[in-house]
Amino acid sequence: MTPTAHSSTSPGKQMLSEQVYAHLRDAIMRGDHAPGSPLKPQDLAREQGVSLAVVREALVRVVGEGLADRLPNRGFAVPSFSDHRWQEITEARRTLEPVVLRMSVERGDIDWEARVRAAHHRLARTPAYAPEEGEYYTDAWAEAHRVFHRTLLEGCGNRVLLETFDRLWTASELARRWSAHRNPDRDGAEEHRKLEEAVLARDADTAAAILVQHLTSTAAALTDDALTDDADRATRTQQ
C-alpha cells in the first residue's frame, strides 16, 4: 500500500499552529489587542511569518475560548467591554458559586481548611502586576487567583459542580483582566481576605454574601455605565 502524505496535519504544521495560537492568546490576555479591535488574519500572518491557514486555525481556537468573536462578514475581533456575555457569565457564577461555597463550608474537612489557608497565602504573596507582562495582571497571579477560588469550592466534594466552575472561570478570564484594569482602586486583596476569614469561620451566610458582591463588582466595571464614567473622567482630565 502506498502511504498517503498528509501535509496539512504534519507535526511541523501542528507545532507552528500551536505556537501562533499561544502567541495570539497571550497577546489578547496581555492587552496588546484592545477590546473590540479587529484581528486581521493577513496582518497576523505577516507579523508571525506564517500562512493564512495557520493564523485562521489559531483564530478559530481563540474564538472557541471566548477570547475573540467571528463576525458575520467572516472577520475576527476581540470582544467588547459591553458584550452581554460578561453579564450572563456573571449571572451564572452568582447563581452557582455561592451555593457550592455553602456546601463547601458545610462539608469541608480540616485538610480542606489547610488548603484554603495555603491558597490564600500564595495569592496574597504573589505580585499582581509586572511591567514586562503588559498592562493586565500577571499569569502567576492569575493562576494563584484561580486556585484560591477553586479551593474554596472544593470542600463540596462534587466533581460535576467543580467542572462547571472550571468552564465558567475560563470563559470569564478576559473579563476579569479588563475589570481589574478599569477599576484599579478596588481592594481585591481585602475582599479575598474577608472571604477566607468567613469560610474558615464556617459562616456560610457571610461567605456567600461576600462572594456575590465580589463577583458583582467584577462585572460592574464592564457595564455601559462604567464606560460612560470612564469617558467623563477622561473629559474632566482634559479640561
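Reader: Where is the place of Ala142?

Author: Ala142 sits in helix α6, residues 139-154. Bear in mind that this is a predicted model.

Reader: What makes Ala142 buried?

Author: Its relative accessible area is 9%. Buried means under 20%, so Ala142 counts as buried.

Reader: Which residues does Ala142 touch, leaving aside those up to four places away in sequence?

Author: Tyr137, Glu173 and Arg177. A contact here needs heavy atoms within 4.5 Å. As for Thr126, that residue is 16 residues from Ala142 in sequence, and the two C-alpha atoms are 9.4 Å apart in space.

Reader: Why is Arg202 called partly exposed?

Author: Arg202 has a relative accessible area of 31%. Buried stops under 20% and exposed starts over 50%, so with 31% Arg202 lands in between and is partly exposed. You'll find Arg202 in the loop between α9 (188-200) and α10 (204-220).

Reader: What is the phi of Arg202?

Author: Positive, about 60 degrees, although Arg202 is not a glycine.

Reader: How do you know whether α2 and α3 are roughly parallel or roughly perpendicular?

Author: Look at the angle. Helix α2 (residues 41-48) and helix α3 (residues 52-64) pack at about 115 degrees, with axes 9 Å apart. The range for roughly perpendicular is 65 to 115 degrees, and therefore α2 and α3 are called roughly perpendicular to each other. Their crossing is right-handed.

Reader: Which residues of α2 and α3 meet?

Author: From α2 come Pro41, Gln42, Leu44 and Ala45, and they meet Leu52, Val55, Arg56 and Leu59 of α3. By type, this contact has 6 nonpolar residues, 1 polar and 1 charged.

Reader: What makes the largest nonpolar core a core, and how many residues has it?

Author: The largest one has 55 residues, and Leu39, Leu59, Leu101 and Trp178 have the most contacts inside it. Helix α4 (residues 84-107) gives the most to this core, namely 7 residues. In soluble globular proteins, nonpolar side chains tend to be buried together.

Reader: Which residues does Leu101 touch?

Author: Not counting residues up to four places away in sequence, Leu101 touches Leu152, Leu153, Leu195, Val199, Ala207, Ala208 and Leu211.

Reader: And the whole protein: how many helices and strands has it?

Author: There are 11 helices and 2 strands. Of the 239 residues, 41% are buried.

Note on methods:
Residues are numbered from 1 along each chain as its sequence is written. This is a predicted model: local features need pLDDT of at least 70, side-chain atom pairs count only at pLDDT 80 or more; totals for chains, interfaces and linings use all residues. Side-chain values use heavy atoms; hydrogens and water are left out. A nonpolar core is a set of buried Ala, Val, Leu, Ile, Met, Phe, Trp, Tyr and Cys residues joined through side-chain atoms within 4.5 Å. Buried means under 20% relative accessible area, exposed over 50%, partly exposed in between (1.4 Å probe, protein chains only). Helices (H or I, at least four residues) and strands (E, at least two) are DSSP runs, numbered from the N terminus. Axes are lines fitted to C-alpha atoms, for helices over the stretch in contact, and angles run from 0 to 180 degrees between N-to-C directions. Angles under 35 degrees count as roughly parallel, over 145 as roughly antiparallel, 65 to 115 as roughly perpendicular and the rest as oblique. A crossing is left-handed if the near helix is turned anticlockwise from the far one by less than a right angle, and right-handed if clockwise. Ala, Val, Leu, Ile, Met, Phe, Trp, Tyr, Cys and Pro count as nonpolar, Asp, Glu, Lys and Arg as charged, and the others, Gly among them, as polar.
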